[in-house]
Amino acid sequence: MKNILQLARHYTPSPRGGMGVGVVLFSLHAMAQGDARPNIVYIMTDDHTAQMMSCYGQSPIQTPNLDRLAQEGVRFTHSFVANSLSGPSRACMLTGKLSHKNGFTNNEHGIFDGSQQTMPKLMQLAGYQTALIGKWHLVSEPTGFNHWDILEGQGEYYNPTFLHDDGTQSREPGYCTDIITDKAIQWMEGRDREQPFILFVHHKACHRDWLPDLKDLRAYEDQTFDLPQNFWDTYDGRLAAQQQEMSIASPHDMDLIYDNKIYQPGDTSRLSQLYLDYVRRLSPADQRTYFQFHDSLSQAFRAHPLTGRALTEFKFQRYMRDYAKVTKSLDENVGRLMQYLRDHDLLDNTLVVYTSDQGFYMGEHGWFDKRFMYEESLNTPLLMRLPKGYERRGIVDEMVQNIDYAPTFLQMAGAVVPDDIQGQSLVPLLKEDARSSGEQWRDAIYYHYYEFPAEHQVKRHYGVRTQRYKLIHFYRDIDQWELYDLQTDPTEMHNLYGNPKYKKVQRQMHRRLRQLQQQYDDPIEKELRGK
Ligand code: SGN
Ligand code: CA
């Protein structure tokens, strides 16, 4: 109680959303709860998609530790990001606001304004210890954390360099996913046990270029992965999809050396050099282990070079195997972190969240990467193991978004959620009594992607998704609308925009889009009209 009282200062968000002085942070309810408030362990991976989690069904690989988390808690089936890219997604999570409000719209030119109101700062004010370990990717130094230890930019898989909160940096021996887990556990060991905590564990896995832990080099090598049914998509009626650069087939998009590790001695391309730079971070002995395995693959490939569809299918198999290997270590490390919580009697009063910064394409539409508002990358996995007092279990099929995490954590901490936060607290979905109150949950989510022109060349677009339909507008250098009926066309192969049978739906979706743009105060349509 002492810490809470010390911190029970007054706080009001300033009109511009900055940290104002003064005014109440705590509700009396929270103060009465004292330090019984739940801890939060927020595990966010990079590019881990629901298609590669067995608890989501249809997965070609097993993820037993994530399955257990889902079994003991809740699994969200309609969990979406607001902008399917790392930095923007992280900024949405941290602020509870959409990209046009938090200012971080894209990776290439963004620098997160760390002076703005963020959820970790509000959690600190509510009396929580806050710590961040792993990928940050927001360029500016983290603010609002009592402790941080982050990867530089995208980070490295092997013997990664960490930037520490004392201004120093060091290269740490080991595999990135193990090290991040070790650091998370180490921080929990040394924390102040009088105060609740929120710990952000941000993995690099399973980001490109999918370099596995050496112990997993041979995993999944006997497995042949099924091609998604729309792997050979020709993008009829979808102009933006025709012009992307994230196809597995294209040698310019998915690189045989960098992505598939089929090394060609003497190749001096940028990606080939980058690949070697990453692998040469290993010790000489580990490099030998690494190359022994991969050289044999490369030699076998060169002995029978492939072309056309056979080459594309070969790249797909290599991609799937490497991604699966990286995911295996991730699942094991989630298990290790959960075991720590279990062994230290922390599970009962801890919210454990497992999510990713966005979903990913595992060959659907012939792609890897993300960015599009199509299902695979609009979705992001979301599992929660709930602390005592939150009774919901099983599947949650309400539509939720990563802007909802900030208000959820604040409400769980008993803090007031500032009015300018745009997400909705998920607490009513997690408590039986709140659910039975009959209140309506949101019926649509809003999306806006900005990073164009850029790597993978996904056009700028925004849109709305309801439980059944999706309307997308690709803009800037094109002007194309797309409409999907997710019930009859879940893989989004048929653009129905302009189809007379869907005239009414189209009109309703346009109306819903306008309402959401007004509600969230996104000026884009006005900007486009003013052009
Ligand atoms: C890197 C990758 C891209 C990826 C972006 C964004 N290229 O630039 O393939 O789309 O990150 O990913 S690489 O050659 O460097 O691997 S994000 O998840 O961080 O947004
Ligand atoms: Ca990512």
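Which domains does the domain assignment of the protein give? Domain 1 takes in 2–209 + 324–432, domain 2 is 242–320 and domain 3 is 459–529; such bounds come from an automatic or database domain assignment. Before you click on, this is a predicted model, where local features need pLDDT of at least 70, side-chain atom pairs count only at pLDDT 80 or more, and totals for chains, interfaces and linings use all residues. Residues are numbered from 1 along each chain as its sequence is written, chains are lettered from A and ligands numbered from 1 in the order in which they are written, and side-chain values use heavy atoms, with hydrogens and water left out.

Now colour domain 1 and domain 2. Their centres, taken over C-alpha atoms, lie 32 Å apart. Here 22 residues of domain 1 touch 22 residues of domain 2, contact being heavy atoms within 4.5 Å. Together the two domains bury about 1900 Å², with 55% of it on carbon and sulfur atoms (the accessible area, 1.4 Å probe, that two parts lose on being put together, summed over both). Select Y158, D209 and F368: they supply 38% of the area that domain 1 buries against domain 2, more than any other three residues.

Next, show E156 and R281, a salt bridge whose closest N and O atoms are 3.4 Å apart (the rule: a side-chain nitrogen of Lys or Arg within 4 Å of a carboxyl oxygen of Asp or Glu).

Last stop: strand β10, residues 382–385 (strands are DSSP runs of E, at least two residues, numbered from the N terminus). Strand β9, residues 350–356, pairs with β10 in the antiparallel sense over four bridges (pairing takes at least two DSSP bridges). Look for V353 opposite M384.

Methods: Buried < 20%, exposed > 50% of the residue type's maximum accessible area, 1.4 Å probe, protein only.
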